[in-house]
Amino acid sequence: MSHKTSLQAGSDKPLLSYLKWALITTVLGLALGAWLGWETTGTVSGMLTVFFICAVLAVLEISLSFDNAIVNANKLKDMTPEWQHRFLTWGILIAVFGMRIVFPLLIVVIAANVGPWTALVMAATDPDQYSQIMMDAHLPIAAFGGTFLMMVALSFFFNHEKDIHWVRWLEEKAASYSSVKGIEIAVVLIIMMIFSKIIAGSDDPKLGPVAANTFFYSGIWGLLTFLLVEVLGGILDRSQQMLEGAAKGGLGAFLYLEVLDASFSFDGVIGAFALTSNLFVIAIGLGIGAMYVRSMTIMLVEKGTLTEYRFLEHGAFYAILILSVIMYVQSLVHIPEVITGMGGAALIGVALWSSIRWNRVHGSDA
């Protein structure tokens with residue numbers, strides 16, 4: 001087994017070494033964006049506009065993905081070195097090309113009932129129509145992604161083994177109810193029913209009973225996907241444990257992280273169409289951001305940051321919970337992605353500050 005494939009906690013590598021590939025991707029991506037802007041517009045102003053949009057999309061993706069990197073790191077630290085390496089190589093390819101290019105194309109293929117090649121040609125030759133189809137598909141995507149992320153967050157809080165609490169009065173209460181089987185599923189279903197009722201009674205011509213039905217069934221699919229990934233992940237990892245004779249995260253954990261990454265990507269991909277309808281510009285900008293998420297994930301694992309800052313993980317899961325609610329609310333009203341991103345980053349910042357303060361007070365006992 002190669003030592004290079006393993007992420008070792010307690011690394012003293014400088015920050016810049018973690019960001020090396022992300023910075024290289026940034027330079028190449030922005031250069032490609034500028035070239036694309038020149039090729040499509042033939043003007044300096046057009047080139048600078050596309051360059052700027054790529055940069056903004058990269059920042060948007062990074063701001064939306066702080067919590068994603070923390071959750072990835074939490075799962076990744078328990079995986080075998082081989083699967084760590086696979087997630088950080090294959091996983092990033094799936095994240096960049098699968099979610100930023102294939103996923104938007106797949107939505108258009110399904111929504112417009114056209115072939116993949118037709119969807120790709122539409123993205124290149126008629127970006128406005130392509131963008132409109134994507135925006136029209138926002139309701140089921142918000143319901144599916146919001147439900148999946150809500151289950152991820154609630155599963156963290158409704159956990160009887162959880163013994164570190166940040167917002168103590170709330171988290172201790174949640175942990176005390178964790179012995180009630182399926183409580184997080186019941187909470188999600190109740191919230192889904194409330195939002196479905198609001199959507200059904202809305203006067204908005206885009207909403208109403210049909211939209212409510214779409215929202216509810218998409219949410220059910222999000223719930224089923226979470227449960228299936230949990231079950232399948234447990235079966236796969238148990239099979240691996242029997243083969244290896246050790247309890248190590250492998251294929252099941254990898255599958256869980258890929259679906260989790262996909263759910264995080266929904267918001268960013270849909271939000272990107274508010275800035276540009278060009279699929280390739282979106283892929284460049286969000287791809288740059290995805291590389292920073294990868295770098296942050298590696299740094300969090302190698303430096304043991306989650307262990308050092310005890311409430312950082314809590315902040316990430318609160319951010320995920322709020323993001324899931326925002327995705328639900330976006331089925332009714334538009335919420336700018338910058339608010340979503342800054343809100344998540346602020347929560348993680350407060351969690352980091354709380355962790356530092358706790359370390360100062362309990363330094364000798366930590």
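**View 1. V152 and L260 sit in the largest nonpolar core, touching the most other members of its 76 residues.** A nonpolar core here is a set of buried Ala, Val, Leu, Ile, Met, Phe, Trp, Tyr and Cys residues joined through side-chain atoms within 4.5 Å, and buried means under 20% relative accessible area (1.4 Å probe, protein chains only). Helix α13 (residues 279-302) supplies the largest share of this core, 12 residues. Helices are DSSP runs (H or I, at least four residues), numbered from the N terminus. Bear in mind that this is a predicted model: local features need pLDDT of at least 70, side-chain atom pairs count only at pLDDT 80 or more, and totals for chains, interfaces and linings use all residues. Residues are numbered from 1 along each chain as its sequence is written, and side-chain values use heavy atoms, with hydrogens and water left out.

**View 2. Here's who V152 touches: F226, Y256, L260, F317 and I320.** That list skips residues up to four places away in sequence, and contact means heavy atoms within 4.5 Å.

**View 3. Helix α8 (residues 138-157) packs on helix α15 (residues 312-329) at an angle of about 150°.** Their axes, lines fitted to C-alpha atoms over the stretch in contact, are 8 Å apart. Angles over 145 degrees, on a 0 to 180 scale between N-to-C directions, count as roughly antiparallel, so that's what α8 is to α15. Their contact brings together 18 nonpolar, 5 polar and 1 charged residues, with Pro also counted as nonpolar, Asp, Glu, Lys and Arg as charged, and the others, Gly among them, as polar.

Conventions
Buried means under 20% relative accessible area, exposed over 50%, partly exposed in between (1.4 Å probe, protein chains only). Helices (H or I, at least four residues) and strands (E, at least two) are DSSP runs, numbered from the N terminus. Angles under 35 degrees count as roughly parallel, over 145 as roughly antiparallel, 65 to 115 as roughly perpendicular and the rest as oblique.
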